[in-house]
Amino acid sequence: MKGTLLACHECDLLHRARPLPEGGTARCTRCGALLYRSRRGSLDRSLALTLAGLILFAVANAFPLLSMRVEANVQEATLLSGVVQLWDQEAFGLSALVLATSILAPLAKLLLLAAVLLPLRLGRTPAYVAPAFRLALGLQPWAMMEVFMLGIMVAMVKLADTADILPGPALYAFALLILVLAGVSSALDPHAVWDRLETA
Amino acid sequence: MRAARQVTADAAGLVDCSACHLLVRRPAADAGHAFCPRCGAALRRRKPGSIARTWAFLATAVLLYAPAMALPIMETATLSGVRQDTIMSGVIYLMTSGMWPLAAIVFFASVVVPALKVVALTFLLVSVQRGSAWRRRDRTRLYRINEAVGRWSMVDIYVVTVLVALVRLRALALIEARPGAIFFAAVVVSTMFAAMSFDPRLIWDNQE
């Protein structure tokens, strides 16, 4: 990275990269946009978090997220319940959108990152790595799990008046998953990945 | 971080790859499309058709905003009757039930944010088309906030999803999604696409 020429992606100004202290950030001198961060051991950390994320994803989907109890009736819901219910109610567009943003996009992002980081860690660069990584980065704005989490919390409070809302095991996995996803975003250094591809 | 003598990539005849940020020498005008040698993405000097596309997405969002707010997003059937809720009536219901903070969150995220996004992007577009040099740094910051905040408007959609998934004790209560919800989701998605099509570098082009 040292001495490479970089263009600010928000104002196009050219900069020459310099080494940063641990945890430092480099910002554009003209508009303040984040250019790059110092992320040591980024490959290892991102890979570990990505794999942890995949496991948490499996748990979050395998168990009930929430259950609602009114008198003797209990209704359970998993992450997919809402999607399935919306589909049954013929709200097809809504169902597909929620499926895409809360399940497919995060899952695809994790799988693609694992498929990219794993071979890189083992010192290999198969041909699919570049397009896979581009796709993973492109999916970033469409993975909205943390917004979903806020939606769950609002719904829980809304219903708490009239029923008993009990969190299920998947809810904790889901909360952890969101933290892990945030960790992946902060640990991942795209420049390091692209540099590895270049030297291949 | 030293700026290389205040030169933009464009002025230096370089193109910044939108995917991997490699700087590549600009191909000759008649060479057709070039691709990044490192990652294979198509090389574009600026986001293609940025101004036109952003206007198109904004127009779509504005057109859809009315039905999104006017049509009910969900229907609640209980023993005491059936109620239809729009986004606004949902906020008011939360307020009258004493859940003030929730009402504020939903109101801000679902009603205020999409409208502010449209206003902000319209302002950015007009300022760029007039070649304005007014407070470029602040305008870039406005763009950044716009991009970061947009997705949170989706919270209402997820609230409806969870309610629909849980409240289906047929005899006692049933919640179903209504068309207003998909209109609203379309507004949020349109504003997201609008922010993604806008190229902030346009704010800095045309330095006289």
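**Questions on a predicted two-chain model**

Colleague: Which residues does A:Ser95 touch, not counting those up to four places away in sequence?
Modeller: Contact means heavy atoms within 4.5 Å. With sequence neighbours up to four places away left out, A:Ser95 touches A:Val83, A:Leu86 and A:Trp87.

Colleague: What pLDDT must side-chain atom pairs have to count?
Modeller: Residues are numbered from 1 along each chain as its sequence is written, chains are lettered from A and ligands numbered from 1 in the order in which they are written, and side-chain values use heavy atoms, with hydrogens and water left out. This is a predicted model: totals for chains, interfaces and linings use all residues, local features need pLDDT of at least 70, and side-chain atom pairs count only at pLDDT 80 or more.

Colleague: Why does A:Ser95 count as buried?
Modeller: A:Ser95 lies in helix 3 (residues 92-121) of chain A. Helices (H or I, at least four residues) and strands (E, at least two) are DSSP runs, numbered from the N terminus. Buried means under 20% relative accessible area, exposed over 50%, partly exposed in between (1.4 Å probe, protein chains only). A:Ser95 is buried because its relative accessible area is 2%.

Colleague: Is A:Glu90 buried or exposed?
Modeller: A:Glu90 sits in the loop between helix 2 (81-88) and helix 3 of chain A. Its phi is near 70 degrees, a positive value in a residue other than glycine. The relative accessibility of A:Glu90 is 60%, so it counts as exposed.

Colleague: What share of the residues in chain A is buried?
Modeller: Chain A has seven helices and seven strands. Its C-alpha atoms fill a box of roughly 70 × 40 × 30 Å along the principal axes. Among contacts between residues at least 6 apart in sequence, 60% join residues at least 24 apart. Of the 200 residues in chain A, the buried share is 52%.

Colleague: Which strands stand at the edges of the open sheet in chain A?
Modeller: Three strands form this sheet in the order 6-5-7, with antiparallel pairing. Two strands pair if DSSP finds at least two bridges between them. Each edge strand has a single partner, so one side is left without a neighbour in the sheet; the two are strand 6 (73-77) and strand 7 (164-167).

Colleague: Which residue in strand 6 of chain A is the bridge partner of A:Met68?
Modeller: Strand 5 (residues 66-70) and strand 6 of chain A run antiparallel, joined by five bridges. In strand 6, A:Met68 has as its bridge partner A:Gln75.

Colleague: Which residue is the bridge partner of B:Met74?
Modeller: In chain B, strand 4 (residues 74-78) and strand 5 (residues 81-85) pair in the antiparallel sense over five bridges. They form a hairpin with two residues between them. The partner of B:Met74, in strand 5, is B:Asp85.

Colleague: How many disulfides are there over all chains, and which cysteine sulfur is nearest to that of B:Cys36?
Modeller: A disulfide is a pair of cysteine sulfur atoms within 2.5 Å. A search of the whole structure finds zero. B:Cys17 is in none, with the sulfur of B:Cys39 nearest, 3.6 Å away. B:Cys36 is also in no disulfide; at 3.5 Å, its nearest cysteine sulfur is that of B:Cys20.

Colleague: What is the relative accessibility of B:Cys36?
Modeller: B:Cys36 is in the loop between strand 3 (23-25) and helix 1 (50-70) of chain B. Beyond residues up to four places away in sequence, B:Cys36 touches B:Cys17, B:Cys20, B:Leu22, B:Ala41 and B:Leu43. B:Cys36 counts as buried because its relative accessibility is 4%.

Colleague: How many residues of helix 5 of chain B are buried?
Modeller: Helix 5 (residues 155-166) reaches 17 Å from its first C-alpha to its last, close to the 16 Å expected. Among its buried residues are B:Tyr158 and B:Leu163. The helix is mostly covered, and the buried count is twelve of twelve.

How values were computed: Expected span 1.5 Å × (residues − 1).
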